[in-house]
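Please look through the structure shown below.

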Amino acid sequence: MECSVASTTVASDVILHAFDWSYAKVTKQAKQISQLGYKSVLVSPPMKSLKHSSGTKWWQRYQPQDYRVIDNQLGNTQDFTLMVNTLRRHGLLTYVDVVFNHMANESDIRDDLSYPNALDLESYQSNKDYFEAQKLFGALNEPLFTESDFVEAFGIKNWRDKWQVQNGRITGGPKDPGLPTLLDNDNVVKQQQAYLVALKDIGVKGFRIDAAKHMTIEHLKKVWTDEITHDVHIFGEIITDGGATQAEYELFLEPYLKHTRLGAYDFPLFNTIAKAFTPKGSFTSLIDPYCFGQALSNRRAITFTVTHDIPNNDVFMDHIMEEDCERLAYAYILGRDGGVPLIYSDLNTSGITDRSGQPRWQAQWESDDLRSMIMFHNYVHGEKMKMVEANDDLLVFTRGHKGIVIINKSVRSKSVSMNWSSSVNDALTGRKLKAEDGVLRINVEPNSSMMLM
């Protein structure tokens, strides 16, 4: 039986994933983000990671060197605190990535497992005023972790072997020593909890657990106690190849849902959507995907059409949806009832462009389409969803008496007639439709959606 979200967990609504944005950029855009209808902003891991005058790659943000200070390519503790406070003033909550499975791969500069390394500890002392100003907790004159805080080193070879996945190192191949995997012991749990408490004290209201499938349920439960989870929203990144009956779901996501009260990325629903919105797919699979184990429960799901891993890792590239499919899929996840929608934005980390030659996800978050979809989502939030019609190419559902969502993925126009007593406006086009004799007759253009209010 699936557990519900803990009563102390507070989920926000639409989240902007400002992937790899600097804290200063988020601060600068806070007012616009709020005006567009977003309720929260998820930022990349606020901790110490490699930085360089010429810049660093996005994935280096996911290789922690120290939890006790925020000092990375995106900014420092002072920048981060200003961002959190600015977002709060604009009615926005701050969510952060936390990386608790591993530490940075620094095998190219040393052969020990003391974090931070000796040079960084020396830097703390030689730049004492600066680092004391960035400190979140603890004493910076001693290591956070030592050799005894890590699992014995070996690379994961079989990704369907649960023990290997949760004890081995994530590597880039046989010649890569990989990311040192943290042990589930008292010191590791203590430091991770201290870090979370420090972030909560600053004002963080949500946490995304990076690489959650690589952590044991026991470790997760020790870190995320009732005290830690109180008054915040937590969700884990557990990438699966589908829902119930699929191997990765049964190995990793099902136990997580059963034995914790935390939320998760709804990869089962994503896989269902990705198939349904293709030309050969059918919208009938979206009638009640949860009933068939192809979606998470409404209260635990983070819904999405793309996450940062999909366009930025070769192994997931085949999960990128076609542009038109993704646009229609956004109408579905922002129109449906249940889950917290997450809208992905980056600064062209993948180099993938749209059909006009622009970075595909850089400006999408502020597009007219998404602004209108978010407006509709906020307007009908909390209204019950009722399926009206679902066939291979046409999907129609209502949101109480306040809204109607129509999605047509075919290459032909579709006609829809339904009982409706009032006039409606399409949030996407501004078009006004009038019901006649209690019937609303609608012509839906090919490859388009309507969100009627």
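Two strands pair if DSSP finds at least two bridges between them. Helices (H or I, at least four residues) and strands (E, at least two) are DSSP runs, numbered from the N terminus. This is a predicted model, in which local features need pLDDT of at least 70 and side-chain atom pairs count only at pLDDT 80 or more, while totals for chains, interfaces and linings use all residues. Residues are numbered from 1 along each chain as its sequence is written, and side-chain values use heavy atoms, with hydrogens and water left out.

Q: In E10, which residue is the bridge partner of His-17?
A: Strands E1 and E10 pair in the parallel sense, and 4 bridges are found between them. In E10, His-17 has as its bridge partner Tyr-344.

Q: In what order do the 8 strands close into a barrel?
A: Strands of a sheet pair through backbone hydrogen bonds, either parallel or antiparallel. In this barrel of 8 strands the pairing is parallel. Neighbouring strands of this sheet are turned against each other by 30° on average, direction ignored, where axes are lines fitted to C-alpha atoms, for helices over the stretch in contact, and angles run from 0 to 180 degrees between N-to-C directions. The order in which the strands close is E1-E2-E5-E6-E7-E8-E9-E10.

Q: Which residue in E10 does Ile-302 stand opposite?
A: Strand E9 (residues 301-303) runs parallel to E10, and 2 bridges join them. Ile-302 stands opposite a residue in E10, and that residue is Val-340.

Q: How many of the residues of strand E10 are buried?
A: Buried means under 20% relative accessible area, exposed means over 50%, and partly exposed lies in between (1.4 Å probe, protein chains only). Val-340, Leu-342 and Tyr-344 point one way from E10, whereas Pro-341, Ile-343 and Ser-345 point the other way, and all are buried. Strand E10 (residues 340-345) is thus mostly covered, the count of buried residues being 6 of its 6.

Q: In E7, which residue is the bridge partner of Ile-209?
A: Strand E6 (residues 206-209) and strand E7 (residues 233-236) run parallel and are joined by 4 bridges. In E7, the partner of Ile-209 is Gly-236.

Q: Why are helices H1 and H2 roughly parallel to each other?
A: Two packed helices are described by the angle between their axes and the distance between the axes. Angles under 35 degrees count as roughly parallel, over 145 as roughly antiparallel, 65 to 115 as roughly perpendicular and the rest as oblique. The axes of helix H1 (residues 23-35) and helix H2 (residues 77-89) are 9 Å apart. H1 and H2 are therefore roughly parallel to each other, as they pack at an angle of about 20°.

Q: How many nonpolar residues does the contact of H1 with H2 have?
A: Contact means heavy atoms within 4.5 Å, and here Tyr-23, Val-26, Thr-27 and Ala-30 in H1 meet residues of H2, including Asp-79, Phe-80 and Leu-82. Ala, Val, Leu, Ile, Met, Phe, Trp, Tyr, Cys and Pro count as nonpolar, Asp, Glu, Lys and Arg as charged, and the others, Gly among them, as polar. By class, the contact of H1 with H2 has 2 polar and 1 charged residues, and the number of nonpolar ones is 7.

Q: Which strands stand at the edges, each with a single partner strand?
A: 4 strands form an open sheet in the order E11-E12-E13-E18, and the pairing is antiparallel. Each edge strand has a single partner strand, so one side of each is left without a neighbour in the sheet. The edge strands are E11 (385-390) and E18 (448-452).

Q: Which residue in E18 does Ile-406 stand opposite?
A: Strand E13 (residues 403-408) and E18 pair in the antiparallel sense over 5 bridges. E18 is mostly covered, as 5 of its 5 residues are buried. The residue in E18 opposite Ile-406 is Met-450.

Q: What is the relative accessible area of Gln-73?
A: Gln-73 is found in the loop between strand E3 (71-72) and strand E4 (75-76). Leaving aside its neighbours within four places in sequence, Gln-73 is in contact with Leu-50, Lys-51, His-52, Gly-55, Thr-56 and Arg-61. Gln-73 is partly exposed, because its relative accessible area is 30%.
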